[in-house]
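Here is a short briefing for a first look at this chain. Please keep the sequence and the model open as you read.

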Amino acid sequence: MADAPHHSDQEDEADVGTPGYKPPAAKTLDEIIKADSEDAALQKYKEALLGGNTSALPFPNDSRRVIVTKCSLLTEGRPDQEMDLTGDLKALKKGKAFLLKEGTSYRIKIYFYVQREIVTGLRFLQKTYKKGRATL
């Protein structure tokens with residue numbers, strides 16, 4: 001009898017992209033800001049996208065580029081449920097979870113900060129459990 005195929009979180013997080021696509025070389029935020037400095041319209045556009053003060057960091061002591069701070073579950077007819085993600089995430093796994101009835105329509109809102117560099121390719125991985133077992 002053959003063993004069932006093994007499925008891991010790392011497989012979920014594998015880089016799934018468009019075949020043949022090669023992303024451009026990464027540039028630092030300073031390189032992007034200084035590029036095309038003679039084009040006033042482009043500089044104004046960059047300032048609108050990046051904000052006026054690119055040196056101010058929301059979390060200066062945190063080395064991560066993306067910091068997720070809060071997750072909200074939005075369901076119609078009920079107050080929003082929020083989960084603070086700034087503390088110890090291991091403690092969250094033990095007790096705090098969103099409970100939903102099967103067939104409930106909901107939306108998820110994620111609050112996060114990006115600091116130090118421009119980030120591309122953010123992904124959201126959601127795991128759903130029914131009676132303690134992961135669903136597909």
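In this chain, residues 24 or more positions apart account for 61% of the contacts with a separation of 6 or more; a contact means heavy atoms within 4.5 Å. This is a predicted model: local features need pLDDT of at least 70, side-chain atom pairs count only at pLDDT 80 or more, and totals for chains, interfaces and linings use all residues. Residues are numbered from 1 along each chain as its sequence is written, and side-chain values use heavy atoms, with hydrogens and water left out.

**Overall make-up**

- The chain holds four helices and five strands. Helices (H or I, at least four residues) and strands (E, at least two) are DSSP runs, numbered from the N terminus.
- Along the sequence the pattern reads α-α-α-β-β-α-β-β-β.
- Of the 136 residues in the chain, 10% are buried. Buried means under 20% relative accessible area, exposed means over 50%, and partly exposed lies in between (1.4 Å probe, protein chains only).

**The sheet**

- Three strands make an open sheet, ordered β2-β1-β3, with antiparallel pairing. Two strands pair if DSSP finds at least two bridges between them.
- The edge strands are β2 (81-84) and β3 (106-114), and each pairs on one side only.
- From one strand to the next, the twist averages 20°. Axes here are lines fitted to C-alpha atoms, for helices over the stretch in contact, and angles run from 0 to 180 degrees between N-to-C directions.
- Strand β1 (residues 66-75) pairs with β2 in the antiparallel sense over four bridges.
- Across that pairing, C71 stands opposite M83 in β2.
- Five residues lie between the strands in the hairpin of β1 and β2, where G77 takes a positive phi near 85°.

**Q81 on strand β2**

- Q81 is found in strand β2. Q81 is partly exposed, because its relative accessible area is 23%.
- Leaving out residues up to four places away in sequence, Q81 touches C71, S72, L73 and F98.
- Q81 and I108 are 27 residues apart in sequence, and their C-alpha atoms are 9.8 Å apart in space.

- Q115 lies in the loop between β3 and β4 (129-130). Q115 counts as buried because its relative accessible area is 3%.
- A polar atom of the Q115 side chain lies 3.1 Å from the backbone oxygen of F59. A polar contact is a pair of N or O atoms within 3.5 Å; within protein, one must be able to donate a hydrogen and the other to accept it, and residues adjacent in sequence count only if both atoms are side-chain atoms.
- The backbone oxygen of R64 is 3.2 Å from a polar atom of the side chain of Q115.
- Beyond residues up to four places away in sequence, Q115 touches L57, P58, F59, P60, D62, R64, R65 and I67.

**Aromatic rings**

- A search of the whole structure finds one aromatic pair. Rings of Phe, Tyr and Trp (its six-membered ring) pair if their centres lie within 6.5 Å; planes under 30 degrees apart count as stacked, over 60 as edge-to-face and the rest as tilted.
- The pair is F59 and Y113, edge-to-face, at 5.4 Å centre to centre with 75° between the planes.
- The pair links distant parts of the chain, 54 residues apart: F59 is in the loop between α3 (40-50) and β1, and Y113 is in strand β3.
- F59 is partly exposed, with a relative accessible area of 28%. Y113 also counts as partly exposed, at 40% relative accessibility.
- The charged end of K70 sits over the ring of Y111, 4.3 Å from its centre. A charge sits over a ring if NZ of Lys or CZ of Arg is within 6 Å of the ring centre and within 35 degrees of the ring normal.

- D36 lies in the loop between α2 (29-34) and α3. D36 is partly exposed, with a relative accessible area of 40%.
- Phi of D36 is near 55°, a positive value in a residue other than glycine. Most residues other than glycine have a negative phi.
- K101 lies in the loop between α4 (89-95) and β3. K101 is exposed because its relative accessible area is 71%.
- K101 and K130 are 29 residues apart along the chain, and their C-alpha atoms are separated by 10.0 Å.
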